[in-house]
Amino acid sequence: MASSNFIDYVKINCRSGAGGAGSRHFRREKFVDKGGPDGGDGGRGGHVILKANSQHWTLLHLKYKRHIRAENGEAGSGARCNGKQGDDVIIEVPLGTIAKHPETGEILAEVTEDGQEVILLKGGRGGLGNHHFKTATNQTPEYFQPGDPSLEEWIILELKLLADVGLVGFPNAGKSTLLSTVSAAQPEIADYPFTTLVPNLGVVAYRNFKSFVMADIPGIIEGASQGKGLGLRFLRHIERNSILLFLVPATSENIGDEYRTLLNELELYDSSLLMKDRLLAISKGDLLDEELKNDLLKTVPNDIPYVYISSVTQEGISELKDLIWKTLNP
């Protein structure tokens, strides 16, 4: 997906439909004695509905459509005819989208399964016609109910990518190269920091026609949880990944220190991220000989499964897939 087309945050103004008024009507027909009240009910106003659509990947289609309006319900009429219900308006969004209140930050809804629907704003209830208010002592009620008013709110839609594996690492750790190697995704690759400006998704083929989804998250730097670099903007995409694959290049002076720095940034952002399964891939393994690899192992943490990989020579790629699949399917 092109960087200019990846939109993961929009603020929209939503308004549900107002309910239609009930009718104050009396039946007056020739040869019909004592027709009485027969005002129909008003129609319900349209809802504003959030719906998950697996065919959407970003919120780009909402970037220039900031005002969402549902249809009002129609008023009732005579002969107990009810007014037409207002049409609902459906906002289709990618899986993993949440709706939040812009001021309080309260999560109003989230959709994670294809076809899932959540009502963001309910349409106004239609008013009752005067035939509901006929009593033994009031045969000709003049009273009818107006429809309930519409609801209007500003709502923030925020996308958090859903993936089986999330790649976590500093800029130039080899995340985009790995994704392009194991999937059909074609992220931009270059040797300068912050080449990846938006998350990228790729479907990784595994044995016996199995597969899993891998997400390349833009590089995190130290201090990302306080807003430095690009990390803060994209850290939320890590929340929905099943497992986290840390990438540390073999050229790093101390693999353990770099891994712990990344882990610390995740903890400062959201400590619950530490509950996810974690794997370590030491990238760019083709740059080292066996002696250097053995020396580097002294700095590798003991509490995380790891594998040496090289996206250039394919070293360790099969072992990495096996490790990921075993972690996803214990």
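These are my notebook entries on one protein model, from its overall make-up down to single residues.

**Ground rules**

I am working with a predicted model, where local features need pLDDT of at least 70, side-chain atom pairs count only at pLDDT 80 or more, and totals for chains, interfaces and linings use all residues. Residues are numbered from 1 along each chain as its sequence is written, and side-chain values use heavy atoms, with hydrogens and water left out.

**Overview**

I looked up the make-up and found 5 helices and 14 strands. Helices (H or I, at least four residues) and strands (E, at least two) are DSSP runs, numbered from the N terminus. Of the 330 residues, 48% are buried. Buried means under 20% relative accessible area, exposed over 50%, partly exposed in between (1.4 Å probe, protein chains only). I then looked at contacts, meaning heavy atoms within 4.5 Å. Among those between residues at least 6 apart in sequence, 73% join residues at least 24 apart.

**The six-stranded sheet**

I traced an open sheet of 6 strands, with mixed pairing, in the order β10-β11-β9-β12-β13-β14. Two strands pair if DSSP finds at least two bridges between them. β10 (200-205) and β14 (306-308) are the edges; each has a single partner strand, so one side of each lacks a neighbour in the sheet. The twist averages 25° from one strand to the next. Axes here are lines fitted to C-alpha atoms, for helices over the stretch in contact, and angles run from 0 to 180 degrees between N-to-C directions.

I followed β13 next, residues 277-283. It is largely enclosed by the rest of the structure, because 5 of its 7 residues are buried. β12 and β13 run parallel and are joined by 7 bridges. In that pairing, L244 stands opposite R278 of β13. β13 also pairs with β14 in the parallel sense, over 3 bridges. There, A281 has V307 of β14 as its bridge partner.

Two helices lie across this sheet. α5 (residues 317-328) lies across β9, β10, β11, β12, β13 and β14, and runs at about 150° to β12.

**The three-stranded sheet**

I found an open sheet of 3 strands in the order β4-β2-β7, again with mixed pairing. Its edge strands are β4 (89-93) and β7 (117-121), each pairing on one side only. Neighbouring strands are turned by 30° against each other on average, direction ignored. β2 (residues 48-52) runs antiparallel to β7, with 4 bridges between them. L50 has V118 of β7 as its bridge partner.

**Helix α3 and its lead-in**

I checked α3, residues 255-269. Its 15 residues reach 22 Å from first C-alpha to last, close to the 21 Å expected at 1.5 Å a residue. That expected span is 1.5 Å times one less than the number of residues. Buried positions in α3 are I255, G256, E258, Y259, L262, L263, E265 and L266. An α-helix has 3.6 residues a turn, so residues three or four places apart point the same way.

N254 caps the N-terminal end of α3, with a side-chain oxygen 3.1 Å from the backbone nitrogen of G256. S252 sits in the loop between β12 and α3. Is S252 buried or exposed? S252 counts as buried because its relative accessible area is 10%. A polar atom of the S252 side chain lies 3.4 Å from the backbone oxygen of N254. Leaving aside neighbours within four places in sequence, S252 is in contact with E258 and L296.

**Cores**

I looked up the nonpolar cores, which are sets of buried Ala, Val, Leu, Ile, Met, Phe, Trp, Tyr and Cys residues joined through side-chain atoms within 4.5 Å. Which members of the largest core, with its 46 residues, touch the most others? They are I91, L157 and F246. α3 gives the largest share of this core, 5 residues. Not counting residues up to four places away in sequence, F246 touches V168, Y259, L262, L263, L266, R278, L279, L280 and A281. Another core lies apart from it, with 21 residues, including L247, A281, I317 and W325.

**K276**

I ended at K276, in the loop between α3 and β13. A polar atom of its side chain lies 2.7 Å from the backbone oxygen of N241. Beyond four places in sequence, K276 touches I238, E239, R240, N241, S242 and L244.

Methods: A polar contact is a pair of N or O atoms within 3.5 Å; within protein, one must be able to donate a hydrogen and the other to accept it, and residues adjacent in sequence count only if both atoms are side-chain atoms.
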